[in-house]
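This briefing is meant for a reader who is meeting the structure for the first time. Please look over the sequence and the 3D view before going on to the points below.

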Amino acid sequence: MPAPEDVELTFPEDGGCFGCSPANPSGLQLRFRRHGDRVTARYRIDDRFHGAPGIAHGGIAATIADEASCAAVGFLSDRHVVTGELTVRYERPCPVELPLDVVASIVDRTHLRYWVIEAEIHHDGVRVARSSGKFFLRDDAPVAP
């Protein structure tokens, strides 16, 4: 069942996920909300994740976009995915220690094996990064040895 509107969302079992688990002290501990057909988050990247001084490392910005994309599927469709491909376009420097708004939505469900998800990261109303990716639908059946 899809997640309710505008309440903090958590996965029932997060497995210690680097992106979203509150139990992972080294992780980002992202928190999501559902708004219609989008999943959103507000987040501040800790300075320990900077590349150049004051600017987030691109890998952390990509991780946030990836995590939001997976959360969009999980919370909007009650499905689980793994990242197959992620393309990130960095449009402006992504600051550390300042509030960022993250949004992700499912844009194409027509393929049998994967869905296309897009995400954006904004600071002060300006888009600093955007991503598009193919996320493979997970088959939770046990894998044969």
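A pocket, as the word is used here, is an open set of points on a 1 Å grid over the protein atoms alone, with protein on both sides within 12 Å along at least five of seven lines, and its volume is the space filled by probe spheres set on the points. The model described here is predicted, and the second largest pocket in this predicted model holds about 180 Å³ of space.

**The second largest pocket**

- The lining of the second largest pocket is made up of 13 residues, and those that lie nearest its centre are Glu118, Ala119, Glu120, Arg130 and Ser131.
- At least two lining residues are supplied by each of the strands β4 (81-90), β5 (99-108), β6 (114-123) and β7 (126-137), and β5 gives the largest share, with four residues.
- Sorted by class, the lining of this pocket has five nonpolar residues, four polar residues and four charged residues.

**Strand pairing**

- Strand β3 (residues 38-44) pairs with β2 in the antiparallel sense over three bridges, and within this pair His35 stands opposite Arg38 of β3.
- The two strands β2 and β3 form a hairpin in which two residues lie between them, and Gly36, in the turn, has a positive phi of about 65°.
- Strand β3 is also joined to β5 by six bridges, and these two strands run antiparallel; Arg44 has Pro99, in β5, as its bridge partner.
- As a general point for reading such strands, side chains in a regular strand alternate between the two faces of the sheet.

**Helix α1**

- Helix α1 covers residues 58-77, which makes 20 residues, and from its first C-alpha to its last it reaches 28 Å, close to the 28 Å expected at 1.5 Å a residue.
- Most of α1 is covered, since 17 of its 20 residues are buried.
- Asp78, which comes just after α1, takes a positive phi of about 55°.

- How far apart are Cys20 and Glu67 in sequence and in space? The two residues are 47 residues apart in sequence, while from C-alpha to C-alpha they are 7.4 Å apart in space.

Definitions and conventions
Residues numbered from 1 in each chain as written. Predicted model: local features only at pLDDT ≥ 70, side-chain atom pairs only at ≥ 80, totals over all residues. Heavy atoms only, no water. Expected span 1.5 Å × (residues − 1). Buried < 20%, exposed > 50% of the residue type's maximum accessible area, 1.4 Å probe, protein only. 1 Å grid on protein atoms, 1.4 Å probe; cavity = no way out; pocket = protein on both sides within 12 Å on 5 of 7 lines; lining within 4 Å. Nonpolar A, V, L, I, M, F, W, Y, C, P; charged D, E, K, R; others polar. Pairing = 2+ DSSP bridges.
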